[in-house]
Amino acid sequence: MLYVIYLGNLGIVSALYHLTMKIKIFAILTLLTLLGCKQIQKATDVVTQPTAREVYERDFDDENSQFTSWKAAYNRALNDSLKIELPYTETGIFNSENHPVYSYLVSVQEGEKLIVSTEMLTDSLSIFIDVFQKKNDSVFQQKPKISNEPSTSSIVYESTKNETVKLIIQPELAANTSFLFKIYTRPTYGFPVSGAENKNIQSYWGATRDGGKRSHEGVDIFAERGTPILAVTDGRISSTGNRGLGGKQVWLRDGLFGSSLYYAHLDSIATSSGKRVKRGDTLGFVGNTGNAKTTAPHLHFGIYKGYSGAINPLPFIKKQEIPEVKNANTNLFGTITRNNAELRLGSSTKFQQIASLKRNDSVSILGKNNSWYHIQKNDSLKGFIHQSLLNPTSSN
């Protein structure tokens with residue numbers, strides 16, 4: 001009898017369990033219906049963090065011929081090999097008829113931040129920025145290392161090695177507005193001597209020392225005795241003292257497993273071991289202690305990175321200017337003015353010539369960098385041509 005009752009209780013419990021699960025499922029489905037697809041997508045995006053391009057492409061399918069042409073133009077640009085020197089600016093007008101894509105090879109150094117800033121006359125339009133790292137010496141990764149986020153028009157890429165990256169910029173489908181690109185670098189760290197500039201650096205990485213017995217593992221920044229020496233980043237003072245070639249010195253650790261930053265030849269020290277400091281804090285003052293006693297007061301600044309030892313600190317601290325725009329472009333088309341007009345990989349005569357264009361050849365103008373036009377002859381031929389070789393026009 002007890003056995004039958006026990007089985008009966010199990011049946012009730014099971015029924016209650018299944019009923020509870022059904023109620024939960026119904027509640028979830030009701031909630032999803034109330035939220036709607038857009039709200040669900042927004043909640044998902046918080047986790048997945050899609051790029052601006054990924055969000056934009058959701059509204060299209062491959063049956064849309066304009067969209068497939070737009071994507072095809074992007075895929076072709078992955079094979080472009082045009083080069084630019086930093087700092088770089090480009091101005092122009094997006095031509096919605098030819099799905100413009102801007103692809104450049106850019107050299108950056110360890111310690112530099114690559115800044116890509118875009119501006120458009122029509123603020124409501126979207127633009128997509130991708131940076132690709134190399135897979136090996138000649139092939140780039142298929143997936144971008146970094147892309148701009150939705151509703152943004154710029155990126156910051158911090159390089160951890162000396163490298164050449166591929167930068168691709170593409171406006172949204174059917175964009176037809178004027179634009180401005182600014183591509184330049186900023187140092188990862190602040191400048192280590194208060195009030196000093198690049199011109200104060202008078203001895204560089206690799207310079208010979210002791211008659212060639214060793215090389216300079218840093219840079220020397222000359223300034224008046226007593227000029228404050230600054231923390232170039234947030235960190236912890238790992239060591240201070242008066243010893244060896246460096247005389248009065250401070251070691252600053254950038255993060256738990258980061259680089260060690262070396263300040264040497266100080267006149268006096270204004271910090272202590274174990275202290276946490278912020279970027280811009282005073283660590284000491286310029287002097288010429290140690291083996292610098294016969295030279296003018298200066299700071300020797302070095303960076304030591306893990307097992308690799310000393311690395312060139314100049315890209316980490318060298319001040320860079322934001323480029324200014326010269327000779328803005330307002331034309332969409334142009335005609336070549338002479339035979340054998342040199343089309344080059346970059347906007348300078350030092351770049352390789354990749355083609356010769358004929359007089360009266362018609363080209364599309366993608367943009368302009370100073371006195372050089374960035375042009376496109378057909379789907380596969382892009383390059384830079386000097387303004388003296390092109391007659392720009394507003395229509396084809």
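Visitor: How do you know the direction in which helix 3 (residues 65–77) runs relative to strand 7?

Guide: Helix 3 lies across strand 2, strand 4 and strand 7, and its angle to strand 7 is about 165°. Such angles, on a scale from 0 to 180 degrees, are taken between N-to-C directions of lines fitted to C-alpha atoms, for helices over the stretch in contact, where contact means heavy atoms within 4.5 Å. Helices (H or I, at least four residues) and strands (E, at least two) are DSSP runs numbered from the N terminus. The model is predicted, with local features requiring pLDDT of at least 70, side-chain atom pairs pLDDT 80 or more, and totals for chains, interfaces and linings using all residues. Residues are numbered from 1 along each chain as its sequence is written, and side-chain values use heavy atoms, without hydrogens and water.

Visitor: What makes strand 2 and strand 5 edge strands?

Guide: Two strands pair if DSSP finds at least two bridges between them. Four strands form an open antiparallel sheet in the order 2-7-4-5, and strand 2 and strand 5 (146–147) each pair on one side only. Strand 4 and strand 5 have 2 bridges; because the definition asks for at least two, they count as paired. Here D130 stands opposite S147.

Visitor: How do you know that strand 7 pairs with strand 2 and with strand 4?

Guide: Strand 2 is joined to strand 7 by 7 bridges, and strand 4 to strand 7 by 6. Y104 has L167 as its bridge partner, while F128 stands opposite Q170.

Visitor: Why is a set of residues called a nonpolar core?

Guide: The name applies to buried Ala, Val, Leu, Ile, Met, Phe, Trp, Tyr and Cys residues joined through side-chain atoms within 4.5 Å. The largest such core has 29 residues, and Y104, L167 and I169 have the most contacts inside it. Strand 2 gives the largest share, 4 residues. Beyond its sequence neighbours within four places, L167 touches residues including Y104, V116, I129 and I183.

Visitor: What makes a space inside the model a cavity?

Guide: On a 1 Å grid over the protein atoms alone, a cavity is a set of points where a 1.4 Å probe fits but cannot get out. There is 1 cavity of 30 Å³ or more.

Terms used: Buried means under 20% relative accessible area, exposed over 50%, partly exposed in between (1.4 Å probe, protein chains only). On a 1 Å grid over the protein atoms alone, a cavity is a set of points where a 1.4 Å probe fits but cannot get out, and a pocket is an open set with protein on both sides within 12 Å along at least five of seven lines; lining residues have an atom within 4 Å of a point. Grid points are joined across faces, edges and corners, and a volume is the space filled by probe spheres set on the points.
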